[in-house]
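Welcome! Have a look at the model below, and then we can walk through a few of its details together.

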Amino acid sequence: MDRVANLILRRLLHGVIVVLGVMTIVFFVTRIIGDPVQVMLPVEATEAERALLRNQLGLDRPILEQFLQFAGNTLTFNFGDSLWQRRPAMDIVLQRLPMTALLTAAGIGAAILLSIPLGIVAALRPDGIVDRTTVVASLAGLSMPQFWLGLLLIILFGVKLGWLPTSGARSPAHIILPAITLALPSLARLAMVVRTAMIDEMNRQYIKVVRAKGLKRARVIGVHALRNASVPILTLSGWEIIGALAGNVVVVESIFAWPGLGLTVMQSIERQDLILLQAVVFTVAVMAVCINILIDIAHRAIDPRVNA
Amino acid sequence: MTAPLLELDDLVVTFTTRRGRIEAVRGVSLAVRPGETLGIVGESGSGKSVTMQAVMGVVDSPGAVEHGDISWRGRSLLAREGEAADIRGRDIAMVFQDAMTSLDPLFSIGTQIGEVLARHRGVTGAAARARTIELLELVGIANPGPRLHYLPHQFSGGMRQRIMIAMALAAEPALLIADEPTTALDVTVQAQIVDLLIELRDRLGLAIVLVTHDLGLVAELCDRVAVMYAGRIVETADVWSLFDAPAHPYTAGLLKATPAIDDLPERLETIEGSPPDPSDLPSGCAFRLRCPRADAACASAPPLTHPAAGRDLLCWHPEPLPIAASPEAAHV
Amino acid sequence: MPTPASTGNSPGQLLRELLRDRPATLSTLFLLLLVFAAILAPFVAPHDPATQALRARLEPPFWLAGGSLDHILGTDNLGRDVLSRIIYGARTSLTVGLSVVAIAGTFGVTIGLVAAYVGGRVDSFVMSWVDTQLSFPDLLLALTVLTVLGSSPTTVVVILSIGGWMVFARMTRGIVKSTRNEGYVEAAELVGCSIPRIIFVHILPNLAAPLSTLLILEFARIVLAEAALSFLGMGIQPPATSWGLDIAVGKDHIFGAWWLVTFPGAAIALTILSANLLAAWVRTTADPQEREKRFARSAAGRQMRAARRVEA
């Protein structure tokens with residue numbers, strides 16, 4: 001237990017460094033390479049207005065002082081008021097976050113749950129019908145741009161068939177299309193990885209031994225092979241969740257007007273609201289770190305050989 | 001004679017590869033009787049391991065049993081999949097060559113032995129734990145109780161092979177197949193494992209099939225020997241008559257190439273040439289291109305003969321048998 | 001032992017093997033077609049991609065009522081020819097994809113070589129940097145940076161390169177580390193071959209096959225990323241053309257003009273699919289074991305099909 005606590009502590013420390021690193025990049029890109037005032041104010045803004053905003057944001061102070069201030073604000077989750085909504089940016093983020101969490105859970109959750117049986121069945125008969133279908137469908141899924149897939153689903157189920165709502169989040173049915181759009185590319189990648197990992201494991205010597213012990217096929221596959229295959233599956237699952245949060249939801253939410261963090265990103269970009277954008281980047285970085293830690297812990301639970 | 005436990009009848013196992021169809025096992029027939037220890041010897045690639053994997057039903061694609069039958073106490077294992085799964089692991093158990101990779105790395109040894117008990121004997125919980133401890137003691141693992149939770153990588157190679165043997169013995173099999181059980185181990189550990197096998201055989205009345213290329217091991221352990229070459233059994237005999245008077249030139253070559261401790265020759269003889277390419281075997285006797293006694297007749301398949309009691313032979317020109325061997329060549 | 005010889009097939013042999021694999025052949029043909037279309041765009045494209053024809057707005061593809069052969073795949077909301085825009089869009093996708101892969105690949109391979117050769121602290125620092133950057137996908141950061149810097153093709157290429165070098169570094173390091181332990185490299189070091197000679201003659205050839213696979217896969221990933229950025233309005237800006245940009249335009253007309261979204265998207269999907277199939281073929285061909293399996297599978301397939309024919 002001590003070891004696990006130690007591990008979590010070290011990972012948390014590493015996580016804080018990663019988040020600070022991400023925020024440092026954001027800081028320097030916005031303050032040094034770019035000029036936030038120029039980005040945030042309209043072109044026709046007067047020099048007085050610019051000076052006022054510069055003063056409000058503390059941009060007239062020395063860069064080191066600005067950075068320390070920024071780092072301090074980051075560590076206290078305080079990014080200041082959103083320019084667009086005139087209230088604390090963190091409030092807006094926390095208000096939008098549950099919708100993104102819901103969409104990600106539905107989409108990536110479904111992808112993970114479907115990919116495992118699909119990949120296993122495909123792996124059991126390499127080149128059987130299920131396998132060929134899975135491989136071809138996965139390749140197709142991998143090759144389609146996510147935004148295009150979403151638009152095709154809108155054309156098919158929204159426009160031509162009129163079965164499902166395509167915009168907003170007013171009813172439970174509204175989540176179906178965005179969740180499918182978010183899920184399909186992940187499902188394709190996951191199914192391929194499950195399949196490959198299972199084929200690898202099924203060819204190992206210990207599987208031969210377990211089979212020679214006369215164990216039921218379900219136990220050979222579902223317990224021995226699957227547990228050994230689950231390290232890469234787990235790693236990719238974590239990566240898919242982070243990938244969704246740190247990018248794919250931006251695309252999916254903006255197509256389906258799903259009111260989560262991703263839509264917030266696009267809205268703050270449109271309104272040149274760097275403060276809100278920073279708050280979102282920060283939140284996502286924190287979530288990515290947490291998910292990485294969870295994956296690490298799960299990894300150790302699956303493979304007890306890995307020690308801290 | 002008692003009825004055999006295991007019988008192979010004209011077993012053929014093939015692999016489909018880029019270079020063509022390869023027959024790894026080309027019509028092997030043999031029988032193992034209760035309590036007997038049969039050695040199967042041959043160079044690597046002679047098909048001895050594949051034969052035993054076929055018995056355990058673990059030949060993997062692109063390999064497949066193409067012809068012949070495997071039966072246990074007179075009942076075919078190939079015809080009845082479900083019944084075969086009950087027999088494998090319970091009545092026939094196998095110890096594999098490489099103990100380092102033969103255990104599932106993620107499960108404790110207690111779990112891996114326990115699952116055999118649960119599957120074949122319906123023993124679980126405290127009873128299974130007690131039986132597992134007993135088995136580990138039987139194979140000479142000291143202080144097994146606390147080590148049930150250990151993972152395979154926490155044991156040395158020799159210990160793992162002991163654990164493999166304990167696992168194989170868990171369901172009290174009548175036949176133990178040991179596929180090169182000592183090759184991956186240190187010499188001193190090898191001797192310990194051999195002693196363990198002898199002790200277990202005597203104590204439990206096990207029949208053993210020992211697959212090996214080590215003739216010394218055969219001499220120490222076996223009652224009968226089958227010599228395999230290029231997918232066929234070329235000679236079978238009881239161990240002492242085979243060692244005293246090998247009939248097949250290949251067997252004779254193997255023996256000459258093996259040093260005896262008490263009579264170390266100045267130079268070991270070797271068998272000329274190298275094992276044939278399994279995808280491109282010579283016609284007739286596969287050994288003929290390396291055989292000092294071969295002639296034109298060897299280009300056609302040699303018949304199965306019984307030059308002496310208990311001896312089977314596939315050869316046109318066997319070495320002469322010295323002791324009153326009336327070659328009552330019975331063609332089959 | 002993965003000696004250079006194991007991948008050293010003659011070009012003719014490789015071509016013959018490629019032609020035997022139908023998906024890989026078709027993929028190669030499609031990618032070649034794309035390259036030619038991109039290079040020869042002014043001669044192949046039926047119209048100028050930027051010419052607006054307000055009278056011919058939102059014309060459907062030619063096989064639908066109201067369509068004409070003049071605009072085979074229809075026109076967009078400004079009357080621009082969809083097919084011509086796709087052909088010109090190929091230029092953008094290929095340019096961005098190839099530049100990023102060239103920059104990120106060169107940088108990543110160099111860093112990987114250095115990490116593997118210098119070892120020690122440099123190695124562990126580089127690798128933890130790689131791991132850290134890999135653990136945080138870059139789309140959101142890319143969007144942020146592009147918001148501040150404004151987007152141009154150059155910034156897009158730079159940002160995607162910064163986010164893409166790590167996989168190359170990791171792969172190079174892994175392969176160099178393992179080949180350095182091979183007997184023939186150790187022997188070369190013992191007899192005193194110079195480090196550049198060892199790297200170029202003994203180590204880099206082992207990198208060829210996995211590196212080509214990775215280059216193709218990364219190319220596919222970058223084409224997708226550029227399309228996504230352009231779709232979100234943060235990548236290539238009008239009046240330049242990009243498939244992602246065209247789809248963004250089509251999105252506003254999704255209820256009436258499905259072809260605006262469908263065709264540029266299909267162009268992206270086919271490009272990515274071809275790249276994936278080609279990468280899979282390269283990987284299989286470079287690995288003798290995989291090659292064996294591929295043969296066994298096709299042989300088994302042939303046998304099964306033959307058996308079915310006999311039964312039928």
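## Counting salt bridges

How many salt bridges are there over all chains? The count comes to 32, where a salt bridge is a side-chain nitrogen of Lys or Arg within 4 Å of a carboxyl oxygen of Asp or Glu.

This is a predicted model, in which local features need pLDDT of at least 70, side-chain atom pairs count only at pLDDT 80 or more, and totals for chains, interfaces and linings use all residues. Residues are numbered from 1 along each chain as its sequence is written, chains are lettered from A and ligands numbered from 1 in the order written, and side-chain values use heavy atoms, leaving out hydrogens and water.

## Pairs in chain A

Asp296(A) and Arg11(A) form a salt bridge, with their closest N and O atoms 3.0 Å apart. This pair links distant parts of the chain, 285 residues apart: Asp296(A) sits in helix 12 (residues 274-302) and Arg11(A) in helix 1 (residues 2-33) of chain A. Helices here are DSSP runs of H or I with at least four residues, numbered from the N terminus.

Asp296(A) is buried at 14% relative accessible area, while Arg11(A), at 25%, counts as partly exposed. Buried means under 20%, exposed over 50%, and partly exposed in between, using a 1.4 Å probe and protein chains only.

Another salt bridge joins Arg195(A) to Asp131(A), whose closest N and O atoms are 2.4 Å apart. Both Arg195(A) and Asp131(A) are buried.

## A helix in chain C

Helix 12 of chain C (residues 259-286) has 28 residues. Of these, 21 are buried, so the helix is largely enclosed by the rest of the structure.

Conventions:
Helices (H or I, at least four residues) and strands (E, at least two) are DSSP runs, numbered from the N terminus. The expected span of a helix is 1.5 Å times one less than its number of residues.
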